Amino acid sequence: MPAFLLAVALLSWVVFGYGYAQAIGQVAARGRADLALASDRLVTGLLRYRATAVLLSDHPALEALHAGGDVAQAERVLLNGADRTGAILAFYADVEGRVLASSEPQVPRSLTAQPWFARATRGALGASYGLDPQSGARIYSHAAPAFGPDGRVRGVLVMVVDLEGIEGAWRGSRPSVFFTTEAGRVIVTNRSEMMFWKLDGVKPVNGQGAPQGLEARMVAGYEIWHQSWSDYVPPRALHLTQNLPVIGMMGEALIDVRPARQIAALQAVVVAALCLGFGAVLWTLGARRRALALANTQLEGRVRARTRELEGVNAALRREVVEREDAEDALRRAQADLVQAGKLSALGQMSAGISHELNQPLMAIRQFAENGEAFLNRGKPERAGENLSRIADLAARAARIIKNLRAFAQGESEPMTRVDLLAVIGQAVDLTEARLVADGVTLDWQPPAEDIHVRAGEVRLGQVFVNLINNAADAMAGQPVKHLTLRVETGERLVVQVRDSGPGIADPEKVFEPFYSTKEVGDGMGLGLSISYGLVQSFGGKIRGANVEGGAEFAVELEPWTAGEAD
């Protein structure tokens, strides 16, 4: 009995740990969304002042200051801009750091020594955060260059923002959010007791002496902070971070993990109760069997009782078989819906480019029609015929785009058949061409001269290549060189290679798992490659992803269509 209780306790602890790890993952997903929302509010609140500084930098009243213009009028312009935006100070200075006009009498000194001011004098936008040396307020400064007629910078407009006014709208809200500088000092937060802390590892320090009782532990790959220094921060909190290079800060959040612990504890209690109940049943059955050994006269009745129990178990097993079959049918339907959803998601991403591709031939058709009418009126039927021929070509091009789009969007429930591989790849290239051109991606696709046919579903195979091309374009976003190569190998194996010049695959072992994604929150669900993996397997093929020199490569291996198979 003690060994059984120890085993139940150990099992409950394992269940608690596993459930806690799973629940923390869900808490982390919600926390990242909350942190992203708070970060967006701060970034948006700061960038609107930068836009105002850029708009006011070339105001005529400020430009006139370089020729001895009206200072009072320029100060009214600056004061009006500061009042409308909520900035605490706006001033205009020349490249030597001399303030020519200001909305307030107090202005910073030694401007030329400030990196953000020097950056503005070189023609770029400057920004900085810190403390006002006069008032001690937390400020954020934007500097916008003003260019002269010769194209050189001759002045700088500076707008100074009080960070307390920006954070006041969400102070005290959940979760606990704070933003740190490059040096690790907290400069913006919705918890006032954390202001001006400098994070050294996980221990906050400041000039007045930091509260004690803060330590970090890793749970299932997540950093959990344990603290006892504030009643307004969860005692156990998930620590999340988000880099904000636009404003030069790091967004951080502390998410309460108490709900995750409660769920894990509930699961452990349920498992312990079930084990104890099952153990009690087994102990009772053992006692009855010992009684049966002493009372043989009751054997026949107990056998009948046991038979009835087995019949009930058999009935339960039959019901379970039926339930499993129903679940498999539901899973197949869900997989089919997921494939169609993936195609519709890809269509949504390509819609803008396809609209542009259709708009170009339509506008050209209109122009050629007007030209043809003009040539007919002038008695030049041969020139009018040339315009009509061009109209026919453009109409054929638009029809081809619509045909490919309609074929891609439709569902496909028929079994595998003989599919022209090069035609499917060509349709995928047509559907993604506008997106590749808009993203600046160069495509290297030289189809082989011979016809190649494979065993697959035409629409589903097209979705695989559209997903791979779109995924490659996403991976190359922000890269200096964007080059996409499509190749077909027809040697011992029939393989289609899709190679990009992106940063490569962070974790090739997980790239085909559902919901695995390296994009920002709200930028995709991470299902494209998982759907492609399932589709290729349904054709009896294989798909692999690996890092190569200068990027990543996905290889799709398909079964060729043999001459003995029926079309």
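Two strands count as paired if DSSP finds at least two bridges between them, and strands (E, at least two residues) and helices (H or I, at least four) are DSSP runs numbered from the N terminus. With that in hand, here's the sheet: β15-β17-β18-β20-β19, five strands in an open arrangement with mixed pairing. β15 (442-445) and β19 (542-548) sit at the edges with a single partner strand each, so one side of each has no neighbour in the sheet. On average, neighbouring strands are turned by 15° against each other, direction ignored.

This is a predicted model, so local features need pLDDT of at least 70 and side-chain atom pairs pLDDT 80 or more, while totals for chains, interfaces and linings use all residues. Residues are numbered from 1 along each chain as its sequence is written, and side-chain values use heavy atoms, leaving out hydrogens and water.

Inside the sheet, β17 (483-490) and β18 (494-500) run antiparallel over seven bridges; L484 has D500 in β18 as its bridge partner.

Angles run from 0 to 180 degrees between N-to-C directions of axes fitted to C-alpha atoms, for helices over the stretch in contact.

| Helix | Lies across | Angle |
|---|---|---|
| α9 (residues 421-439) | β15, β17, β18, β20 (551-558) | about 180° to β17 |
| α10 (residues 458-475) | β17, β18, β19, β20 | about 175° to β20 |

Elsewhere, there's one aromatic pair in the structure. The ring centres of W116 and F117 are 6.3 Å apart and the planes stand at 85°, so the pair is edge-to-face. (Rings of Phe, Tyr and Trp, the last by its six-membered ring, pair with centres within 6.5 Å; planes under 30 degrees apart are stacked, over 60 edge-to-face, the rest tilted.) W116 is buried at 8% relative accessible area, and F117 is buried at 0%; buried means under 20%, exposed over 50%, partly exposed in between (1.4 Å probe, protein chains only).

Notes: Contact = heavy atoms within 4.5 Å.
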